[in-house]
Amino acid sequence: MRPIALFSFSALAFLAACATPDPGKDPSGRWVGALVTDQGTCPTERTSTFEIRGKTIVFTPADGSQVLTGVYQPGTHHYHAELMSKDTSGHPSPLVFNGYPVGQAIGGTFGSAACRAHITMTRK
């Protein structure tokens, strides 16, 4: 490979790596990943989506109809969203997502009365 081509390729790769904001500094945007069941029966049939829009946190397990919400506090490295649902007996049953930055990804755990899962999501 010619030296100028090698330099251009290296510079382009460096700029591409710098273009993606570190989630520890700027987690805003849309993140996608698949839940991995640790215990119980979890919604793993489709990818899940996590978004931070301004001060709003939204987590949608298996991109279904259940939407967990929370409030983003700039500068924190913990993202919490929840939804209070009811089980088949009518008792309150919380669904909870807790996330955190992991390198260039966001990791987290999802839990409900029937499920415990972990997830790693990349920015979309």
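The structure holds one disulfide, counted as a pair of cysteine sulfur atoms within 2.5 Å. Before going on, the ground rules: this is a predicted model, in which local features need pLDDT of at least 70 and side-chain atom pairs count only at pLDDT 80 or more, while totals for chains, interfaces and linings use all residues. Residues are numbered from 1 along each chain as its sequence is written, and side-chain values use heavy atoms, with hydrogens and water left out.

Back to the disulfide. Cys-42 is joined to Cys-115, with an S to S distance of 2.0 Å. The link is right-handed, with 105° about the S-S bond. Cys-42 lies in the loop between strand S2 (36-40) and S3, and Cys-115 lies in strand S9 (residues 115-123), so the pair ties together parts that are 73 residues apart in sequence. Strands here are DSSP runs of E, at least two residues, numbered from the N terminus. Cys-42 counts as buried at 10% relative accessibility, and Cys-115 counts as buried at 2%. For the terms: buried is under 20% relative accessible area, exposed is over 50%, and partly exposed is in between, with a 1.4 Å probe and protein chains only.

Next, the strands. S1 (residues 29-33) runs antiparallel to S3, and five bridges join the two. S1 is also joined to S9, by two bridges, again antiparallel. Pairing of two strands requires at least two bridges found by DSSP. Which residues are the bridge partners of Val-32? In S3 the partner is Thr-49, and in S9 the partner is Thr-122.

Thr-49 comes up again in the surroundings of Thr-60. Thr-60 lies in strand S4 and is buried, with a relative accessible area of 12%. Leaving aside neighbours within four places in sequence, Thr-60 is in contact with Ser-48, Thr-49, Gln-66 and Val-67, where contact means heavy atoms within 4.5 Å.

Now the aromatic rings. A ring pair is described by the distance of the centres and the angle of the planes. Rings of Phe, Tyr and Trp (its six-membered ring) pair if their centres lie within 6.5 Å; planes under 30 degrees apart are stacked, over 60 edge-to-face, and the rest tilted. How many aromatic pairs does this rule give? The count comes to five.

Take Phe-50 and Tyr-79: this pair is tilted, at 5.8 Å centre to centre and 40° between the planes. Phe-50 sits in strand S3 (residues 48-53) and Tyr-79 in strand S6 (residues 79-86), 29 residues apart, so the pair links distant parts of the chain. Phe-50 is buried at 0% relative accessibility, and Tyr-79 is buried with a relative accessible area of 0%.

Phe-59 and Phe-110 form another tilted pair, at 5.9 Å centre to centre and 40° between the planes. This pair links distant parts of the chain too: Phe-59 is in strand S4 (residues 56-60) and Phe-110 in strand S8 (residues 105-112), 51 residues apart. Are these two rings' residues buried or exposed? Phe-59 and Phe-110 are both buried. Ring pairs link Phe-50, Phe-59, Tyr-72, Tyr-79, Phe-97 and Phe-110 into a cluster.

Last, charges. Side chains of opposite charge can pair when their charged atoms come close. A search of the whole structure finds one salt bridge, meaning a side-chain nitrogen of Lys or Arg within 4 Å of a carboxyl oxygen of Asp or Glu. The side chains that meet are those of Arg-53 and Glu-51, at 3.3 Å, N to O. Arg-53 is partly exposed, with a relative accessible area of 48%.

Notes
Helix = DSSP H or I, 4+ residues; strand = E, 2+ residues; numbered from the N terminus.
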